[in-house]
Each structure stands twice: as structure tokens, then as C-alpha cells.
Amino acid sequence: MRVINVVFIMSLFLVGLSGCMSDADDSNATPDGDQDTSQEPDGDVDAERDADDDSLETDILSENETEEAPEGPFHDPWMVMASDELPPQRGFIIKRGIIHSHSPYSHDACDDEPFIDGVRNETCFEDCRTGMCLTAQDFVFLTDHDDLFAEYEYPEVLLYQQGDELIERGGLPVANRVVCEDGRRVIVAAGTETGMMPIGLEHHVAETIEERKIIYNSKDADAIHAMQAAGGLVFLQHTEGWEVETILDLPIDGIEMFNLHQNLMDNMGAAIGLLLRMDTEPEAIPEVELAIIGIFQESEADLFRWSKALMQKPLPAILATDAHRNVFKNPSPDGERIDSFRRMMHWFSNYVLIPEGEVDDAVLKQAIAHGRLYGAFDYLGYPVGFDFHAEVAETVYEMGDHILAGSSAQLSVTLPQVYRLDPNGPQPILSARILKADDGEWEVVAEGGHDLEIAVESGIYRSEVRIVPEHLRPWLGNEADTYIHEIIWVYSNPIYIGVPY
């Protein structure tokens, strides 16, 4: 029932968005459907300088001038950042990627036609592979439904095609490095969203399709152990749908703290309201690449369950993209369907801290299982420089680490900056928080518009960064104030101090 409702509501939302935006000013679209982001925002400093006829300046300063102009390109809603741009932290490098996405090996993906007369939907297959490449992902953990996923073998379910580089263990393929046109390698691992959501399965859990489906559809400890034995980390999808007691009873590896499909269900009123205004006020619509900003809200149910469960056991949490490419067939005014894999993968991702050295699926899973990762909503801009850690004396503890009881720790949060933000354009307003899990609540123990440092005693602490996205104003239409308010940008995973487990 969830999928039917999501598709129905998203269809309403997107049909209205497409129909109305086609009447809006499309002057920024290039003939091939890409966006021309060369225009300067209204009211920028160049326009002010040009108004003074006595002191006209060019955009490019000469070599003899002492003042240097900042170098672009600058942030826009279509910009992509490779993880190589992120500075290393204390011996860790940061890899960015997607957790929870579907492919043609899900029965309801690809406009409900992942296979046509037994032949894979190659257009959708390529859209999935191209999407992860164009958004510069380092990894994608697929979570296909058991219908189709259980019926196909490795390496096919790894989206393998000739020219890719398989990752093997014991002489068998366990993951894939998709080779992109620009030479980038994206690690793709298989998994399933069925009874629960194991990610990074290195092989199927059983020999026969029937046995596989029984295990994949199960919601008990035996199934979890079977999926973990197959190399998977077992997460619970759609955390809001699980009782806290079940989350605590099951030997799972993690949960979701945000899921895009559920976000829409929780915010239907805003989606429908926006739809109704689109026919009469299309000029108020944000650029289609920012469509998520009109429906986004945090998942209070997920955050509540996360806080409750953390009182009794460690539990990493992730951002779930849940892309299917099955809602809106027609292209939007920018020439691309709104629910393309590329666009949905561009909206947010998970940032994993791993040791310097060679990266494969096993290294990523080890870090994710430990909780050494944070999630960021990249549609607001890529966060560069975010850091959350603890110190006891001269020892540093990262996200997911446990500090012994009796220790007083110093927690630190470093505010990130928007990647390639134009220093002459509108500036976002940032604030950092440190929060403590409190049996379903998240108590704010420190906050401010600057880096934070605070001494704390025992407890489970996470951090977050919130943003007022003033820098997006040029792309939000003539009612930009509707969308410019404080919103979550970065969620960290917890650090555990003196907890009994």
C-alpha cells in the first residue's frame, strides 16, 4: 500500500510541476537539456560595478592588478563534487555514496517494466549506471526487491557489463566497479529491500530461488544471521514502520534516519498545496533540480525511534534515497525526467570515513557497521570540512566509537562550507548543534553559528548542521522566502560515552 500511495501522490506533484514549469521561463535550458548556469544572480556585485560608468571593470582581472577575483565555477543546483575535494581527517578519507536504491532487478522499478518479454530494460539500466557516474558517487548499495533480485545471479545483479571491474573473493564476484565514461569507478554492491534490508550481500543466501525468497521475506533473527553470513549488513528500511521493541530485539546492523518516499507520505499536504498553486503561479516554482525543497521535512518518527533504540544498543543510521525511476515518464522542462536516477542521487548521500588506502565494498561496510559516517542533503550544497569527534586527553574518538565510563570527553563540531560558494553572492546562515539521545528525544546540549566545543559526561551524542539556504535564492522563483528557512543539512552518527553496552 505504501508504494501505491507514494506513486499516486508523487505523480500528482510531478505532473503539476511539469505542466506549470513548461509555462515558466525556460531561458536557462540549453538545447541538449542541460542547464546553462552562466547567468549571474540578479543584484550581484558585477551589476553594481557596471552601473558606475566612470570605473567600469571587466569580470577577468588583468595580471597587473593587485586584487584577484575569486575563481569559478561557483555553486549552482546542478554542480557535482567528487569526494577527492574533501580534506582527509586524522588518517581517514571520505567517500560519498548512495545507500538504498533500486535498479532493473526490482519488479516495480523502471516504470514497472524492468524487464519486457524477458529482456532487461536497457534504457533504465543505463540511466541507473549513468546516474551514479554523473553524480560522482564512490559507491551505491543497491536494495532490489526479492521479485527479480532473487531470480538473477551474480554478477548480473551487480549491474555488471563488459568493461567493468569485478571485485572477487574466493574466486567469486562479490561487488562491481562500474567504469564510467570519464574513468571514474563506482563500487556497486547488491542487496534487497524485502522483509528487511540487507546491503552489500556478497552472494545469495541460498541456492534455489524459493529458498532465497523465504529468507529475504523473513523478519527474524535466523534470517538476519543468514544474510550477515552472506556478507550483508542488515538494516531496517522505513524505520517509522517498526516498533521500537522489534528494533531492539532484532540483531540488526542499522536503520534509516530519513527515507525520501516516506518523506512525501509525511508531507502530502505541502505537496498538494504546492501542486494547486502551480497552475496559477508558475513563476513561484523553484528550478526543477530543487524540486525536493518544496516537500522536504525531517522524519521525526525515525529520529524518535533512533533515540529510543540507542538507549539500549549502538545503532548506525543512514539516509535512504529509495530511487525506483517509476513515477514520471515524461521529461521535465530541463529535458530530464524528474525521478531519474541521476537527479535523485544528486539530492543527498552518505559520507563514510575510511582508512587511507585501497577502497572496496568490505572496507565501506566495515566503516558503515561501525557508524563512522554522516549524511548530507547535497541539494543544499555539498558540505566541505564537516567534522565531529571527541577527545579524551590526547586520544581522539570518531563517530561510532565508544569511550569508557568515567571519562569526561571534549566533543567538537566543525561547521562545513558550501562547496564552491560564490563569495560575492547571497550567503547561507549556518548553525551547529550537539544533541544527546534521551529515550526518544534529542536534547540540544550546545548550539551556535560557529564551531562548537563542549565537555560532556556519559551519554550518546550526535551532531547536526542546519542551514538557511539564502545562497539558493536566485533559483527559487519570485517567492523564494517560502523556501528559505532553517533546514537540516548534515546529520552525524553518534559517539558513545560511558554507556553500559
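Reply: What follows is a set of questions and answers on this predicted model.

Me: To begin with the overall make-up, how many helices and strands does the protein have?

Reply: The protein has 501 residues, and buried residues make up 58% of them. As for the secondary structure elements of this chain, the numbers are twelve helices and 25 strands.

Me: How many disulfides are found, and what is the pairing of the bonded cysteines in sequence order?

Reply: A search of the whole structure finds two disulfides. Cys-110 and Cys-124 form one of them, with sulfur atoms 2.1 Å apart, and Cys-133 and Cys-180 form another, with sulfur atoms 2.0 Å apart. When the bonded cysteines are numbered in sequence order, the pairing is therefore 1-2, 3-4.

Me: Is the disulfide of Cys-110 and Cys-124 left-handed or right-handed?

Reply: Both Cys-110 and Cys-124 are buried. The torsion about their S-S bond is about -75°, and the disulfide is therefore left-handed.

Me: How many residues apart in sequence are the parts that Cys-133 and Cys-180 tie together?

Reply: The torsion about the S-S bond of Cys-133 and Cys-180 is about -80°, so this disulfide is left-handed. Cys-133 lies in helix α3, whereas Cys-180 lies in the loop between β6 (172-179) and β7 (185-189), so the separation in sequence of the parts they tie together is 47 residues.

Me: Which cysteine has the sulfur nearest to that of Cys-128?

Reply: Cys-128 has 0% relative accessibility and so counts as buried, the limit being under 20%. Cys-128 is in no disulfide, and the nearest cysteine sulfur, 6.9 Å away, is that of Cys-124.

Me: How many residues are in the second, separate core?

Reply: Beside the largest nonpolar core of 118 residues, there is a second, separate core, which includes Ile-99, Ala-175, Ile-354 and Ile-368. The number of residues in this second core is 20.

Me: How many of the residues of strand β11 are buried?

Reply: Ala-317, Leu-319, Thr-321 and Ala-323 point one way from β11, while Ile-318, Ala-320 and Asp-322 point the other way, and all are buried. Strand β11 (residues 317-323) is accordingly described as mostly covered, with a buried count of seven of its seven residues.

Me: In which sense does strand β10 pair with β11, and what is the bridge partner of Ile-255?

Reply: β1 and β11 pair in the parallel sense over two bridges, and Ser-101 stands opposite Ala-323 in β11. Strand β10 (residues 254-259) and β11 also pair in the parallel sense, over four bridges. Within β11, the bridge partner of Ile-255 is Ala-317.

Me: How are the rings of Tyr-105 and Tyr-152 arranged?

Reply: A pair of aromatic rings is described by the distance of the centres and the angle of the planes. The rings of Tyr-105 and Tyr-152 have their centres 5.3 Å apart and their planes at 65°, and since over 60 degrees is the limit, the pair is edge-to-face.

Me: Which residues do ring pairs link into a cluster that contains Phe-377?

Reply: Phe-377 has 0% relative accessibility and so counts as buried, and Tyr-491, at 1%, counts as buried as well. The rings of Phe-377 and Tyr-491 have their centres 6.2 Å apart and their planes at 70°, so the pair is edge-to-face. The cluster that ring pairs link together consists of Phe-258, Phe-296, Phe-348, Phe-377, Tyr-379 and Tyr-491.

Note on methods
Residues numbered from 1 in each chain as written. Predicted model: local features only at pLDDT ≥ 70, side-chain atom pairs only at ≥ 80, totals over all residues. Heavy atoms only, no water. Disulfide = S-S within 2.5 Å. Buried < 20%, exposed > 50% of the residue type's maximum accessible area, 1.4 Å probe, protein only. Core = buried A, V, L, I, M, F, W, Y, C linked by side-chain atoms within 4.5 Å. Pairing = 2+ DSSP bridges. Phe/Tyr/Trp six-rings, centres within 6.5 Å; stacked < 30°, edge-to-face > 60°.
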